[in-house]
Amino acid sequence: MANLLTEFLFPELGARGALIEFDEGVDAMLGSRPYPPAIRALLGDAVAAMPLLASHARFAGRMALQFQGKGALQMLVAQIDDQLQVRGMAKCSADADGDFAGLMQGGHLALLLEQETADRNYQAMVAVQGSTLAESLEHYFTQSEQLPTLLRLSGGGSRIAGLLLQRMPLGELSSSVENWEHLQALFATLGSDELGAVEGSVLLRRLFHAEHLRLLEPRAVSLSCRCSREGVATMLLSLGEAELREHLAEHQQIEVTCEFCGREQRFSADDIDALELKARMQPDNATRH
């Protein structure tokens, strides 16, 4: 099994779709922290949503779905880059619990697109609406993008998945209200438990066995963090030598834990000496103290 994003078309019904399946790496990424079950499931939904959102918008850079709140769930972030690398994290109280509306109440959910060309960045607020993250994203596409969209996410287990259907503009590739209503009726027969348990190719045949469905070549997706020791070292140098030495004097070493994957990097006084020396030997390095 593998992590795959499969896009498809209904050329005779004027609709497109995408299916994401994460069979590997879920527990390593989302199990790195002791998330309460409700948070773990919501974070899984957000991670499953990212490749589906990326299939809608080709970009060079990074896309993120980000929530900030003041309740039991303070932050939730899911990211995907143009190489289809996905990661996610959340900050919450140890006893955080409740349904989607309760956890997100009073907070702000945003879709961010950071392009390599800075003047093409994009940010949109997503209304916290409905009983699931999928319903909020459906509402966003219908209202903001003028694209009627159906979305189902299954993020609660060690295998997570998601399915998206989207109507083409009316008149394009036989798109019509009647055709869309037909696809809606078929999509409505899909349950989240079924989505998470059934292999994608079997699921699509089961849902749309009587329709002309054209599958595109699947693309590999990785559920992995981009953190590295080198990146952490660069961040530490940016803090300044005085702050680093003060911390070392008190704790003998510097420990940095990645918020996404939980990986811990440790730096001794000798490590910091080597980093400072390397920085001083690079005259054009902006991180020099």
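Q: Which helices and strand each supply at least two residues of the lining of the largest pocket?
A: They are helix 2 (37-56), helix 3 (100-104), helix 4 (133-144) and strand 8 (149-154). Helices (H or I, at least four residues) and strands (E, at least two) are DSSP runs, numbered from the N terminus. This is a predicted model: local features need pLDDT of at least 70, side-chain atom pairs count only at pLDDT 80 or more, and totals for chains, interfaces and linings use all residues. Residues are numbered from 1 along each chain as its sequence is written, and side-chain values use heavy atoms, with hydrogens and water left out.

Q: What volume does the largest pocket have, and which residues are the closest to its centre?
A: The volume is about 300 Å³. Of the 20 lining residues, Asp45, Ser131, Thr132, Leu133 and Leu153 are the closest to the centre. On a 1 Å grid over the protein atoms alone, a pocket is an open set of points where a 1.4 Å probe fits, with protein on both sides within 12 Å along at least five of seven lines; lining residues have an atom within 4 Å of a point. A volume is the space filled by probe spheres set on the points, which are joined across faces, edges and corners.

Q: Why is serine 55 called buried?
A: Buried means under 20% relative accessible area (exposed is over 50%, partly exposed in between; 1.4 Å probe, protein chains only). Serine 55 has 5% relative accessibility, so it counts as buried. This serine 55 is found in helix 2. Serine 55 touches Leu5, Glu7, Arg16, Ala18 and Arg219, leaving aside residues up to four places away in sequence. Contact means heavy atoms within 4.5 Å.

Q: What makes the pair of phenylalanine 10 and phenylalanine 208 edge-to-face?
A: Rings of Phe, Tyr and Trp (its six-membered ring) pair if their centres lie within 6.5 Å; planes under 30 degrees apart count as stacked, over 60 as edge-to-face and the rest as tilted. Here the centres are 5.0 Å apart and the planes at 80°, so the pair is edge-to-face. The pair links distant parts of the chain, 198 residues apart.

Q: Why is the pair of tyrosine 140 and phenylalanine 141 called edge-to-face?
A: Their ring centres are 5.4 Å apart and their planes at 65°, so this pair is edge-to-face. Tyrosine 140 is buried, at 3% relative accessible area. Phenylalanine 141 is buried too, at 2%.

Q: Which residues do ring pairs link into a cluster?
A: Phe8, Phe10 and Phe208.
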